[in-house]
Structure formats: structure tokens, C-alpha cells
Amino acid sequence: MLGRMSPTRFRALSTSAATIIGSVSNKLPHLSSAKPLAPVVNALRMHRAAGFTTASNPIPKKEPLAKKVLIVGSGGLSIGQAGEFDYSGSQAIKALKEENVDTILINPNIATVQTSKGLANKVYFLPINPEYIEFVIERERPDGILLTFGGQSALNCGIALEKSGALKKWGVRVLGTPIRTLELTEDRDLFAKALKEIDIPVAESVAVDNVEDAIAAAEKIKFPVIIRSAFALGGLGSGFADNADELRRLATQSLNLSPQILVERSMKGWKEVEYEVVRDALDNCVTVCNMENFDPLGIHTGDSIVVAPSQTLNDEEYHMLRSAAIKIVRHLGVVGECNVQYALNPYSLEYAVIEVNARLSRSSALASKATGYPLAFVAAKIAMGNSLPELRNAVTKSTTANFEPSLDYVVVKIPRWDLAKFAHVGREIGSSMKSVGEVMAIGRTFEEALQKAVRMVDPSLSGFQALPFSDLDNALSVPTDRRLFAVGEAMFEKGYSVDKIHDLTKIDRWFLHKLDNIVQAQIELKKLKKSGNDASFIPTALLHKCKKLGYSDSQIGLLTGTSEPTVRAHRKSAGITPFVKRIDTLAAEFPADTNYLYTTYNASTHDVHFNDNGVMVLGSGVYRIGSSVEFDSSAVGAIRALRDANKKTIMVNYNPETVSTDFDECDRLYFEELGLERVLDIYELENSSGVIVSMGGQLPQNIALPLHQRGVNVLGTSPVDVDRAEDREKFSRVLDSIGVDQPAWKELSSVEDALQFADNVGYPVLVRPSYVLSGAAMNVAHDESTLINFLTLASDVSPDHPVVVTKFIQGSQELDVDCVANDGELLVYAVSQHIEDAGVHSGDATLVIPPVYEGEKGEGAGGVGVRGVTPEIVNAVKVVAEKVAKAFNITGPYNMQLILTRPHVNEGPTTEFSLKVIECNLRASRSLPFISKALDINFVEIAARAITKSPFSHLVPAQDAMLLKRPYKAVKAPIFSWTRLAGADPVLGVEMGSTGEVACFGRDLSEAYFTALLSNHTNFKALPPKAGSSVLLSGDASTDPDVLKHVASRLSSVGYTITTDSERTRDIVESVCGASAVLFEGAAGVQNLIDRKAALSIFKENDISVVFALHGQRAKSVDDAGYLLRRATVDLGVGIVNEPRGAVVLSDAIAEYVAGGRSKFESALSWGEWLA
């Protein structure tokens, strides 16, 4: 058996055997001297004989270490802390429920699966900060707390609660890794000292807490250096500095985000390697997965292409780092899961530890999905007092958790960036993470996995390919989000050698030679180039070779002058089809029963039989701006609903951060592409009974019509009707035909026509491409030149579909309506209200449900703040929803946004209003989990059952949900990652920029809004702001003076000092708050904003705690005073409010809390209590 193994598989399996032998040596002393190459089978046999498998020799059940456990979530998704914590937290809750432990979850991220009914016993939608966590502890009195499943946010809160004495006061035990260990790994100085105690090398470094000490440390270490922030996630506040000026600028910003930074020797160009390690309290220890970065050191691992298992390490390097990882984890006292990151000199055995994360991390999620080892589940079990030999691997069902996986496949992770969405943001990547998501591809070769991964990241890419660069050498030597394609340009187009590319990039030659294999195959394909509808001229051997190298049918068609359907037909006629293989953790050497599947052309047999005829649910794919955890929540909800209805389920998704890719959510899971080719392959192999495309967001929706045209049974709304809704021109004509109003519109036939239309209706106008997500290339044009520019951009983004230009209506309100219909009949609907005026993308808007009605507390007065709606308006929205459901014969979920226009409130009482539809998506929406949980109606389950013709009437409320009087409001607020995106302008607009969301409940709008904004961990550090501190008000010629006056009046009345950006703003507000300081007047003010040191000094001298940047005009350049103030506010870690309606609501809320009329503790109710 051993002779047939590859070196990598042999090494991993023999390591597993050694681990097992070590774990049982206390019970079987003669094993401690076992020979290193003792047969693996004997080791396993002895392991089982020793009584460590629960299947054949059960171990008596132990009492868990706690009976009631508080699990601290991670909050809203942001760059550096994303969906991986929904996965890990969900697994932790499942593990604790198996132990019959009462689970309490605090997490304001309402879009997550972990906050759904049926998981935790109680859920609190509250801020992740020490104050609110202690509120929950006081109310619930748990005897245990889990801190390692909520990312850096949870970990920091736990350390703070320990230091304050709150955990001791309430008798709460920290489960799993102890607080002291967490402090050791987070405090950079303590961490370095701890590793030196066991002779583990760390980079030469000095911990400092001020800029001058940072300069002195760098001069001692010698430039270049890297700055790392303590207690920060995703490399926030880190970066490289080549000289004192760069260091001063970087250290100033970093120390505003973190109390301590580490000045460290730079090892740019070394290899970066990671090990995932699990340890229990009895000191059993296994390395679950090792990974290496395709990119050399210098790029945050979250922004790196990552390969598992490592491909370029020799045996000595592998075992050296593995042994060091175990030594580190044992010395630090980790109990649970841990990630160890190394820098490895490519020319010697010199290495240094970069970082240790003693918690579940992004890498943990990847390692878990890559190996089939349920890391989060096992870590939670260990935290409750179980040992590794006692636990069975819940994925394989045939091994204990005290077993190291071995892989007979290669996994490639590629990050997803959305940097192009943000003006003024550079594309360079480095030690501070910028990516918003990631994909995981599986293949039997690196080439196969890499090409899959590229298509997963961006469906517009065909695979590894070239993109043009004006300065190719610079694009190779300076890492950006597109460097892989610079390598492609160098190889495909410029003929650069592997050695030359290596010299410029420091990417290991092994990877470059593998990429060259792809290049050589392409050269062969191009020689055959013809045109027509027949691909039989492609030699079968070459076609098979290309498929083994990861080429798609579309890619081959493009290179040979044919088409995807033509290549597919030729391939299938030649008998070249993919095989389905299992991720079984045991390299197929021992029996395993898993439902983790992938397809490959580098095989000759299937690992499974295809008898289920299950329903396929297409997942959301990679998280990106516009498609995030809310779509995974809907996909998981659909899967659960179908399983409850006794239907076999097949999930297709490739996002390792998701719950939908957990081993226990569906009957079969394909870690595969969501493109047309692969979905057809799986549909045909599984003989699926149908495909649901409406739960995973825009990506599945985009292939609905092509699937339908190829004979696939697409369940729910017909793809023909979906196309009528997605195509802007067709959709607008349907609305006209059913008498539903919409803004004046025109399909783009020429630039001249568009310009004439804009002249007729008047500027501003909105450019709207079709089949796009998150408002991509959607822009408001205020004049002719910007309209021409935006039309070109929209045509580039959506070249196969029409672009529509519509009248942009200013000063109106916006409403969202989420619905489910069956055969064109409306079943259930929910109307939510935008706090902001129309013109802010719905994904960036703050939503409230139930909406604020006229006369309710929270409605703005005198035309400022939020204007209430009426029952007649809500009913009119319902009528529109009914008409649309019928016109498109909808079965399943759909969402619309409508513009509400009324005479100004100052014109007196009126019943006049108009509604215009501006958007309609015949799929699950971003807001669906929010409204479902806010109203306690499972929209997804109703939709999934309607789609599959399963009984659903018992789930539909007997009474109109919008007529029911509710004693609360729920507010959903967006999460922005401005601090991550240097140069990005913190403003709201028609194209989405948020990375996540949170939602909280309150007795009225004021309370719910206040709590939701405090839940935004990327913005406000404290609310209300520090007593007696200053508030900075800023505006421009478009800012409503009444809003500025209202904010100044309310905040000054409760003791805040009002300062202003300019004399103009001061002149507006001084009548309500007295004279105020002017901080950034004229050219001198602009210069002070550009100079971060000067800006910091001004902010500190004036004790600025929050900035109301209420500019109505977009910045046209980086010299704009408004832009500079917004950017400085973010860079200096000060809370920012950038929208007038929200500014009014927040200032009212702050005044209420400061004046003593509100207590935060009163809003600290569980979800169930709000709904009761």
C-alpha cells in the first residue's frame, strides 16, 4: 500500500500514524518506541484497540464543563472579518447542542445562518462590545463563554471583560483557550518573548505605543520594516516602510486604530506557510492542514493565493515547521484550534514565526473545507472538555478527531477584490487586507484547481489568462489584485522566461512552471483555430489534456474559433466527461462516508452512485460587495426547507466561508463552479429533478435562461420571465403595460439619443445596465460630459444587454418590498422604509421595519429627519407587488424598490403621493433574512416550498403582516470598510460600497437606530460620544441648513461643544448653539487635512468625538475639502455620519440617552422577547 502513495500522501499518512501512536503511548507504553515507518494499518488497529473510537467501543459520556454557554459572534461582515465566523459559530452551536448545553448567542449580524431559529436557544441582536456582552451575562447568567468563534471582535471583548473583572464578578468561565494565551498571541511584545522561551525564532521586533519610539526602533532594526498592529484583524493598520517618512505616516494611522504596534524586520520575498493545529486540554495535538502562499511574504494571507497542501516544501522543511507549530501551541497553552504563520527563507532552513491566531480564523475555514476536518465543531467539543481521541470525525464517520488528514487532491484559494468600485483607491496589495471574499477550487493537479478558481472569482474570466498592462515589469514586481494576470501577460504575450518572472515576482519557480503547462496547451489550441459549429477538428488527446489542465469548454471554444456548446458536444461524443470524487481526508486509503464532492478530469472512476435525483440549489459563490452572507442564509434556508419536506438536496457552491458548504447541511455538496458548464455536468450526472436559481443572488440568476434553453428544469419563476425582469428595456415595457408607474426611461440606442433624452427630462439622470449586481456601473449623471463617460462604463460592464437611462428623482423617499408569490399570486410581503432619501443604493441604505408611520415617535418634524408613511401608502405598495407577481407569473421570492414622492411637509397635511418602481429582482434579496427575522415569518421556507410544490399554507400568516401592530422597530444598518481602503471616499450613492450589515431592535426608531449604529464596529467606538467632547459639523452649498441647525441644537443642548469645518457652516448654526470654532477654513484648512499629523493634532486639541460630514455634492478630485475631511475622519478612527436623515435620527437619539431618558440596558432584550 505504501509503495503506491505519492510522497505528499505518504508523508501525511505516516505523520497521522505517528500522531496516533503518540496519543495512545500513555496507555500502551511499548508504542512509544515504535519505528517511524511502522505500518499505518497497525497503528490504526492499535488505536482502535486502545478504545478511542466511539463507534466500536463507546466511551462513557462526560459532563460538559458548562451547562449554559454564551457564544460571542463577530458582528457585521467587514474586510478582514467575514462569513467564516458564521460558519464557525454555527458549528460551535451544533456541537454544544449535542452536549445538551443551553446556548446563548450575541450577534447583531441578522443576515447570518447562526442567528436563525432552531440553532441557539436564545439570540441577542446587540453590539459586540464589553458593555452589551455584560448586559447579556447579567440577564442570562451563563456559566461559560466562548470567545474564539467570533473573530477578533469577540476575542478583544473577552480580554476586556477579563481585565475589568466582569467575568469573575458573574462567575463566567472562559471555555477553550484561556485568556492569558489570547493575550500572549495578541500582544506583540509578549508573543515574541514567549516564543523565545522555547527557542522558536521570531522576526526581530520592538513593541511601541508612540510614533517617536517607532522611528527609534526602526533605526535600530534597520529599514525596511513592517508595522503590525496589536489586537487588530486582517492586518488592519499594518504596512511596510522603507524610510522614516513612510514610517511616521503609517505609525500615526496605526496608533489611531490600535494601542500598540510592532516594528518588525521585513522579510519580503520569503515563502509564507501556515499550519492549522488542534490541541486538547490533555495535550493531544494534531496538525490538520498545512498551506503555502503562491505569493511570497509581503502580502497579507487573506489577500494571497493559497495552496493546500504545500507543494514546494521538501520533507525536512515540512516536518521542521510542523514540529515547531506543535511546540508553539503546547507552550502557549492553546485549547482548541490555532493557526501558525511562518516566513521561510527559500534558500535555507531559516524561518521565523509571523503570527499565531489562537482562535478560529479565515484560514481555519479554508483548512476545514479543504480537508474535510470539521475544525470549528471539534474546537467547540474540546472547549467543553472532550479530548481528541474521544471525538469521532463527524465528516468521515470512520476516524477519530485525533487523526491528521491526508489529501490526494490540490486546493487553491484565490481572494476576491472589489477595488475598482472605489475612486481614489490604489490596486496595490500588501500587509493590510483588502479583499472582500475568497473562492476555493479543488482539482487533482495545481493547474486544474487554479483555472477553476480564476473562473470562480470572476465569471468574466475564462481561466488563467493575460490582461494588458502599460508597465508590465512594474505590474509583476509590485503586487496588485491583478498580478496573476500580469504573469499571464508575461507568459502568453511577451515570452518572458520562468526565471525572469521569478526574479520580478519572487513567486516560486514550481508554480511558474505549472502555469507554463497551461500556456503550452494554449499554444497548441491556437494552432488549430478555425470557425464554425463543429469542434471535431480538435484532437481527442489534446482536448482531454486541456480538460485535465482545467480548461473550460468556453475557453477552448474561444481559442479554437468555435463555441462552448460546440466544444461540449464534441467532448461528450468523445467520452470526455468529468468524474466525481470525494473529499474524504484519508486519500482514499481507508473507507470514508462523506458528502463533500468535487469533479475532475484527472480520474477514471466515480466515488459515488447517482440514485438520489435530488433538487439542486445554486449557492451565492464568492462574497463580494453586493452578494454576501445574506444569500448564503437564503440558500441554507432553502436546503433546510427542502429536507424538512423530505426532498433530497444538492448544494453547489465554492465559497469556503459559508454555512452552505458545511458537511451537515445538505445530502450532497459539490465544491464546484457555478458556471453553465459545471452546473450542466452535475445536473446530468445526478439526473437532478430540478434546479433552484433564485436563492443565491445574482450569479445563479445570470445562467437561468441558458440553463432553461438547454433543457434544464429550472424550478420556480420561468427563466423567460426572469429575463424579462433583468433586461431593463423589457422590464420597463412590462411595467408600462400593467399600469405601474416608473421614472421616465429610454433604452440606449446611441449616445446622441441618450443626450437628447436627458435634455428632454432634465438632469440628473441615472444610467442603469442590465444583469448586474450591487449597482455595478450604475451612476447619476448631472451633466453631458459625465453622462457620456457613464454610458461607456455601463456598456463595458453589461455588453450583451441593453443600458437604460432614467430620470433621477431627487428629494424623494425609498421603500423596499420583499415578497413571495406562487403561480403569480402574492402570498406574503413586507414593506421596509429607507432612512436615507432615494439615491442611496438599497444595500447601503439603513432600513426600518415596520416603517415609521405618521405621528409615531421617531418621525422627523419640520421637513428634517424621517417622514412617516401611511397605511394607504403601504397598501398601494402591496397592490403594485400583486400586479408585478401576476405580470411575471412569479413563483418564489422577489424584491422591489419604489420611489415615494409627496408634497413637502411644510405645505401642510396631504394625502397625495405617487409610487414609482425603480428596481425589481425575481430572486431572494439582500434584505430577505432581515425582514424574515424582524417579522418572524420565514419567507425563504415559504418560497422554497412554493418552488418545489410542497405544502406551504401553514407557514403563510392568516393576517396581513403589515397590518399587525408591533411594539418595536428593527433597523438594519450597513457596515463599511473605509479604514481598509486607503483613499476611498466615505460617501453614499447609487453604487453599493458596504461589505456587511447589522440589525437591532428597539421600542422605537431612535432606540433601534442608536443600537444598530453602535453595532457597527468599523465606525463608532462609543455611543453616546464622550461627555463634554466636541462634535464637528461640515457641509457644502447643497447641505440643508435646517439639518445642520437641528443637529447643532440637539447636541449642544446636552453638553457637546459644536465645532465647524468652515465659516459658512458656523454662520448657519451659531444662532442655535452660540459661536463655534472653525477648524478647516480655506486653503490652510485643506493643507491641514492633507497633513495627517496636523489633522490629528487639531482633532485631539478640540477633542473631536464624531464628525457629521453632511456634504451634498460628490468630490471631483482628491483636493476637495469635503473629501479630505471625510477621509481624515476615517483614517484617524473617529466616528462619521455622512447622510442628513440619519444625522437627525442619531442626534435625537444621543440627546435622549445623554439626558437620561434612555438606558442601554433596556434595549438588551433577546430576539424572542422582542417578538413576544
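A polar contact of 2.7 Å links the side chains of H834 and D816; a polar contact is a pair of N or O atoms within 3.5 Å, where, within protein, one atom must be able to donate a hydrogen and the other to accept it, and residues adjacent in sequence count only if both atoms are side-chain atoms. The model is a predicted one, in which local features need pLDDT of at least 70 and side-chain atom pairs count only at pLDDT 80 or more, whereas totals for chains, interfaces and linings use all residues. Residues are numbered from 1 along each chain as its sequence is written, and side-chain values use heavy atoms, with hydrogens and water left out.

H834 belongs to strand β29 (residues 825-837); helices (H or I, at least four residues) and strands (E, at least two) are DSSP runs numbered from the N terminus. With a relative accessible area of 2%, H834 is buried, a term that denotes under 20% relative accessible area, with exposed meaning over 50% and partly exposed lying in between (1.4 Å probe, protein chains only). Leaving aside residues up to four places away in sequence, H834 touches E814, L815, D816, V840, S842, A845, T846 and L847, contact being defined as heavy atoms within 4.5 Å.

Burial also marks strand β13 (residues 336-344): nine of its nine residues are buried, so the strand is largely enclosed by the rest of the structure. Two strands are taken to pair if DSSP finds at least two bridges between them. Strand β10 (residues 271-279) is joined to β13 by nine bridges in an antiparallel arrangement, with E274 opposite Q341. Six bridges connect β13 to strand β14 (residues 351-357), again antiparallel, and N339 faces N357 across this pair. The link between β13 and β14 is a hairpin of six residues.

UniProt, in an unreviewed entry, places the feature "domain: MGS-like" at residues 1021-1172; its positions are given in the numbering used here, feature names are shortened, and annotations may be inferred rather than shown by experiment. This span is 48% helix and 13% strand, and its end C-alpha atoms lie 31 Å apart.

An open sheet of five strands has the order β37-β36-β35-β38-β39, with parallel pairing. Strands β37 (1077-1078) and β39 (1135-1137) stand at the edges with a single partner strand each, so one side of each lacks a neighbour in the sheet. Two bridges join β36 (residues 1057-1060) to β37, and T1060 is placed opposite V1078.
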